[in-house]
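Subject: Structure handover

Hello,

Here are the sequence and the structure, as promised. My notes on what was found follow below them.

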Amino acid sequence: MARSLVGSLAILLVAALHPLQAQHVVPGDQLVIEGVPPIPASVADQVRRYTEYRSAGLRDWHPTERAMLIGTRFGNSQQIHLVKSPLGARTQLTFASEPVGGGSFEPKTGRYLLIAMDAGGNEFTQLFRQDLPSGEVTLLTDGRSQNGGVRWSRAGDQIAYSSTRRNGADRDLYTMDPAAPASDRLVLAVKGGGWGVADWSPDDRRWLVFEYISVTHSRLWEVEVATGAMSRLAPVGVPDTAAYAGARYSRDGSGVYLITDADAEFRRLAHLDLATKK
């Protein structure tokens, strides 16, 4: 029964993607169909309205203009588009052969885009700079490793990101000025794949860094960007098995706002004083 249901759904999907002129849907040679009656082509026509749809997701706001970046599929793959008014027309900005998964403006003037994409769905995401308005695209990473977790500095002239380029497994932390790719620098070599930068301090000298161990266990660190020196932000009297998420520096950098289940059954919003660790 389950096999027949899967076969029926597969036939409908094939029909939706490749409309047939025949009276009945003809399954592809790659499908083995058992116990499924002929499906009228009219059914495929009715289903198509539910399979041929587009969604749009907000990617970023322009730093100085009333405009936003969205990700949506208009052709064969998702690309980045610009929208300047409510219900306004979209302007496609990226024309890559691969889906563009992420995109953000350079956060001070919006003079270029930072975009992320892999090749053929291999999940080895690379970072690129696309200059505006020329559209010229520059590869920023090595083209082989997995890269992601981008965080812009407060000044908007650097990014923090994670990469497996050192050994293909551990997700080390790097910084770079996307306008000058040669500035790329390893800040922290780590062990494990659960590392990522959560925030830059107000003076851009420190990072808040998460070490993800499991859904119920993570650690929070503070890292000096210039030296890579790190210190554990372990709240006083809290067990080591707590989970942390969503950490951000306070406006003056003296504390951290975060979400945690430390000392509680459920996750709650909390403030960590960096001087007292309370």
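The largest nonpolar core in this predicted model has 14 residues. A nonpolar core here is a set of buried Ala, Val, Leu, Ile, Met, Phe, Trp, Tyr and Cys residues joined through side-chain atoms within 4.5 Å. Buried stands for under 20% relative accessible area, exposed for over 50%, and partly exposed for anything in between, with a 1.4 Å probe and protein chains only. Leu208, Ala247, Val256 and Leu258 have the most contacts inside this core. At least two of its residues come from each of strand S14 (206-214), S17 and strand S18 (255-260). S17 gives the largest share, three residues. Strands are DSSP runs of E with at least two residues, helices are runs of H or I with at least four, and both are numbered from the N terminus.

Leaving aside neighbours within four places in sequence, Val256 is in contact (heavy atoms within 4.5 Å) with Leu208, Ala247, Arg248, Tyr249, Ser250, Ala270, His271, Leu272 and Leu274.

On conventions: residues are numbered from 1 along each chain as its sequence is written, and side-chain values use heavy atoms, with hydrogens and water left out. As the model is predicted, local features need pLDDT of at least 70 and side-chain atom pairs count only at pLDDT 80 or more, while totals for chains, interfaces and linings use all residues.

Now the sheets. Two strands pair if DSSP finds at least two bridges between them.

S14 then joins S15 through a hairpin of two residues. Eight bridges link S14 to strand S15 (residues 217-224), and Tyr212 stands opposite Ser218 in S15.

Ala198 is found in strand S13. At a relative accessible area of 4%, Ala198 is buried. Beyond four places in sequence, Ala198 is in contact with Arg151, Leu208, Val209, Phe210, Ala247 and Arg248.

A further open sheet of four strands has the order S9-S10-S11-S12, again with antiparallel pairing. Strand S9 (147-152) and strand S12 (180-188) are at its edges with a single partner strand each, so one side of each has no neighbour in the sheet. Strand S10 (residues 159-163) and S11 run antiparallel over five bridges, and Tyr161 stands opposite Tyr174 in S11.

Thr175 belongs to strand S11 (residues 172-177). Thr175 counts as buried because its relative accessible area is 3%. The side chains of Thr175 and Gln158 are joined by a polar contact of 3.1 Å. A polar contact is a pair of N or O atoms within 3.5 Å; within protein, one must be able to donate a hydrogen and the other to accept it, and residues adjacent in sequence count only if both atoms are side-chain atoms.

Pro235 is in the loop between strand S16 (230-232) and strand S17 (244-249). With 16% relative accessibility, Pro235 counts as buried. Leaving out neighbours within four places in sequence, the contacts of Pro235 are Tyr244, Leu272 and Lys277.

Last, confidence. pLDDT is the predictor's confidence in each residue, from 0 to 100. The protein chain averages a pLDDT of 90, and 92% of the residues score at least 70. Over residues 1-7 pLDDT stays under 50, and the model has five contacts beyond four places in sequence for them. Residues 14-21 also stay under 50, with twelve such contacts. Where pLDDT is low, the predicted coordinates should not be read in detail.

Regards
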